[in-house]
Amino acid sequence: MIIDIDHDIDGYDSFDVYQIDNNTIELYNPFNDTSYFLNGYQRYNFDYDYVFYDNIQYFMQKYEAWEKTYTSDYGALNEFDNENFLQFLSGGNDNTFRSSQDPNGMNPNNLYWDYTGNYGPGQITEGPYTIVLGIWERQLKQGNAITVVEPDAEEAAEATAANFF
């Protein structure tokens, strides 16, 4: 079987489709000798949460900035307490973030970014839906709110997304 794709942005591609087993197909592009293997799942046993958390960096990058809306009154104070905004950048190695000490309520377009660093999502032992972001643990609370916990300081902060890209 052949599947031809004509995409508005990416243009034309053609793939040969091969069934590998009951749940796997191969899309082979003969023009650039590239294969893509797709594993299929039934809706009743598919873990949508796992896919979301496995790709959490793209969710974080989707917003212009994350504004700190709450800081706990327990735990050790540290320099990160002065940061009021976080921004997760896409492109390159997809693990760069920036932080700003500008006051809450500022338009994300007018922020001065005080610090740039690297982060990387990773699994921790509390369960599959708690992620480590560099030195911070992060849990998604609602559609656009996260909780950031600094394990060494035993301190928590909450951030809310500001503006879509």
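**View 1. Ile-2 sits in strand S1 of this predicted model.** Ile-2 has a relative accessibility of 56% and therefore counts as exposed, the cut-off being over 50%. Even so, Ile-2 touches Ser-14, Phe-15 and Asp-16, leaving aside residues up to four places away in sequence. Val-17 is 15 residues from Ile-2 along the chain. The C-alpha atoms of this pair are separated by 5.8 Å.

**View 2. Four strands form an open sheet.** The strand order is S1-S2-S3-S4. Pairing is antiparallel. Strand S1 (2-7) lies at one edge and strand S4 (34-39) at the other; each of these edge strands pairs on one side only. From one strand to the next, the twist averages 30 degrees. Strands of a sheet pair through backbone hydrogen bonds, in parallel or antiparallel fashion.

**View 3. Strands S2 and S3 are joined by five bridges.** Strand S2 covers residues 11-21. Strand S3 covers residues 24-29. The two run antiparallel. Across this pairing, Val-17 stands opposite Leu-27 in S3.

**View 4. Tyr-18, Ile-20 and Phe-37 make a nonpolar surface patch.**

Terms used:
Residues numbered from 1 in each chain as written. Predicted model: local features only at pLDDT ≥ 70, side-chain atom pairs only at ≥ 80, totals over all residues. Heavy atoms only, no water. Pairing = 2+ DSSP bridges. Axes fitted to C-alpha atoms, helices over the stretch in contact; angles between N-to-C directions. Buried < 20%, exposed > 50% of the residue type's maximum accessible area, 1.4 Å probe, protein only. Contact = heavy atoms within 4.5 Å. Patch = residues over 30% accessible without salt bridge, like charges linked within 9 Å, V, L, I, M, F, W, Y side chains within 5 Å. Areas by Shrake-Rupley, 256 points an atom, 1.4 Å probe, with all protein chains shown as cover. Salt bridge = Lys/Arg side-chain N within 4 Å of Asp/Glu carboxyl O.
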